[in-house]
Amino acid sequence: MTQGSYRQFCPVAMAAEILCTRWTVVLLREMVAGSTRFNDLRRGVPRMSPALLSQRLKELEAAGILYRAASRTETGVFEYRLTAAGQELGPLVEAFGIWGQRWVETELSLQHLDVSLLMWDMRRNLDPTPMPKQRSLIKFQYPELSAGQRSWWLIVEPRMDVDLCSVDPGFDVDLYVASDLKTMTAIWMGLDTVRAAVDERRLMLTGNPALAGNIQAWLGLSPFAKTRKVA
């Protein structure tokens, strides 16, 4: 990480040399949120190439921010975990998100839509508690997207595991959720509500009335959604 060094003894400059390379803070966001495996990290940064992801992981390991270790639950599987130094970056990453939510203009935020990232974040923050105590399958449909990105399935198991599929898992669908990507992203970010989107027919809910009726409760929101928007 010495390339492009600021050549300053100031701790801010030295930290910036490690943390301000492209994708690094976004990758740390994923690790702070709990992702530890390479493929899960890739799903959280879908526009980052696998080669660059590998490079950044090696750089962060060399900097003492993370370490690579065998999985505690599966033989032959390796995970990336934050060191004490990496865990200390949690409040910094959170501060980045709070600042962005508060000060970046809403329309600018909603120009950079990414259905893969949205669905991955929704899977991670979904709250199964108010859902039926049985497997629930929710199909999200974004009619304006290409065939490969148009349909997504969230599978919520009774033991509160949540899985995300981009290919039909073959179970009966309990609730269909149809919306344009901008509307669903705005709801997730706390910039819109389910009720307003339904009333204005930007969001259509078809299927299990109980699931449809409390979607705002189980869907969850971005960790930064409660931050008041200024810009």
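Visitor: Which residues is tryptophan 218 in contact with, leaving aside its neighbours within four places in sequence?
Guide: In this predicted model, tryptophan 218 is in contact (heavy atoms within 4.5 Å) with Leu126, Asp127, Pro130, Met131, Ile138, Leu175 and Leu211. Residues are numbered from 1 along each chain as its sequence is written, side-chain values use heavy atoms without hydrogens and water, and local features need pLDDT of at least 70, side-chain atom pairs pLDDT 80 or more, while totals for chains, interfaces and linings use all residues.

Visitor: And which residues touch the most other members of the largest nonpolar core?
Guide: Met119, Phe140, Tyr142, Met184 and Trp218 do, out of 33 residues. A nonpolar core is a set of buried Ala, Val, Leu, Ile, Met, Phe, Trp, Tyr and Cys residues joined through side-chain atoms within 4.5 Å; buried means under 20% relative accessible area, with a 1.4 Å probe and protein chains only.

Visitor: Turning to the sheet, in what order do the strands run?
Guide: The order is E5-E4-E3-E6-E7, in an open sheet of 5 strands with mixed pairing. Strands are DSSP runs (E, at least two residues) numbered from the N terminus, and two of them pair if DSSP finds at least two bridges between them.

Visitor: Which strands stand at the edges?
Guide: E5 (162-165) and E7 (203-207) do; each has a single partner strand, so one side of each is left without a neighbour in the sheet.

Visitor: How many bridges join E3 and E4?
Guide: Strand E3 (residues 136-141) pairs with E4 (residues 151-156) over 6 bridges, in the antiparallel sense. Leucine 137 has isoleucine 155 of E4 as its bridge partner.

Terms used
Buried means under 20% relative accessible area, exposed over 50%, partly exposed in between (1.4 Å probe, protein chains only). Helices (H or I, at least four residues) and strands (E, at least two) are DSSP runs, numbered from the N terminus.
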